[in-house]
Amino acid sequence: MKIIVKSKDGTNIILPLPSRLVLNSAFARVSTKYLKQYGVNVSKIQAMVFVKELNRFRHKHRDWVFVEIKSSDGDYVKIKL
């Protein structure tokens, strides 16, 4: 996973993150607790299955762009899986 942030004032940040560090069972457990605060009921099993499928998708589709945002004032954010 790679997070790229470019701002119009010249500040550029590139954060390479190991996908297994971000997409694992601990992440699934924490995300269920976080989502419950906002009224979204997802079981731990559902979250773990989602993370497993996301990892499988990541292996088949390298460099897939998860989020790409361009603002009107020149800022740019891109998250690649």
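Tutor: Begin with the secondary structure. This is a predicted model, and its protein chain has 3 helices and 4 strands. Along the sequence, the pattern runs β-β-α-α-α-β-β.

Now the overall form. The C-alpha atoms fill a box of roughly 45 × 30 × 15 Å along the principal axes. The radius of gyration is 15 Å, while a compact globule of 81 residues would be near 12 Å. Of the 81 residues, buried ones make up 19%.

Turn to the charges. On the surface, R29, K33, K36 and K44 gather in a patch of positive charge. Which helix gives the most to this patch? The answer is helix α2, residues 25-37, with 3 residues. Look at K33, which has its place in helix α2. K33 has a relative accessible area of 58%. The cut-off for exposed is over 50%, so K33 counts as exposed.

Next come the charges that pair. Side chains of opposite charge can pair when their charged atoms come close. A salt bridge here needs a side-chain nitrogen of Lys or Arg within 4 Å of a carboxyl oxygen of Asp or Glu. By this rule there are 2 salt bridges.

Take R56 and E53. Their closest N and O atoms are 2.6 Å apart, and they form a salt bridge. Where do these two residues lie? Both are in helix α3, residues 44-60. They are 3 residues apart, about one turn of the helix. Are they buried, partly exposed or exposed? R56 has a relative accessible area of 42%, so R56 is partly exposed. E53 is at 37% relative accessibility, so E53 also counts as partly exposed.

The other bridge joins K80 and D63. Here the closest N and O atoms are 3.7 Å apart. This pair links distant parts of the chain, 17 residues apart. K80 is in strand β4, residues 76-80. D63 is in the loop between α3 and β3, and β3 covers residues 65-70. K80 is at 18% relative accessibility. Buried means under 20%, so K80 counts as buried. D63 is at 54%, so D63 counts as exposed.

I13 is found in strand β2, residues 12-16. At 39% relative accessibility, I13 counts as partly exposed.

Finally, go to strand β3, the place of V67. V67 is at 28% relative accessibility, so V67 counts as partly exposed. How far apart are the C-alpha atoms of V67 and L21? They are separated by 19 Å, and the two residues are 46 residues apart along the chain.

The positive patch holds R29, K33, K36 and K44.

Definitions and conventions:
Residues numbered from 1 in each chain as written. Predicted model: local features only at pLDDT ≥ 70, side-chain atom pairs only at ≥ 80, totals over all residues. Heavy atoms only, no water. Patch = residues over 30% accessible without salt bridge, like charges linked within 9 Å, V, L, I, M, F, W, Y side chains within 5 Å. Areas by Shrake-Rupley, 256 points an atom, 1.4 Å probe, with all protein chains shown as cover. Lys, Arg positive; Asp, Glu negative; His and termini not counted. Charge placed at Lys NZ, Arg CZ, Asp CG, Glu CD. Buried < 20%, exposed > 50% of the residue type's maximum accessible area, 1.4 Å probe, protein only. Rg over C-alpha atoms; globule rule 2.2 N^0.38 Å.
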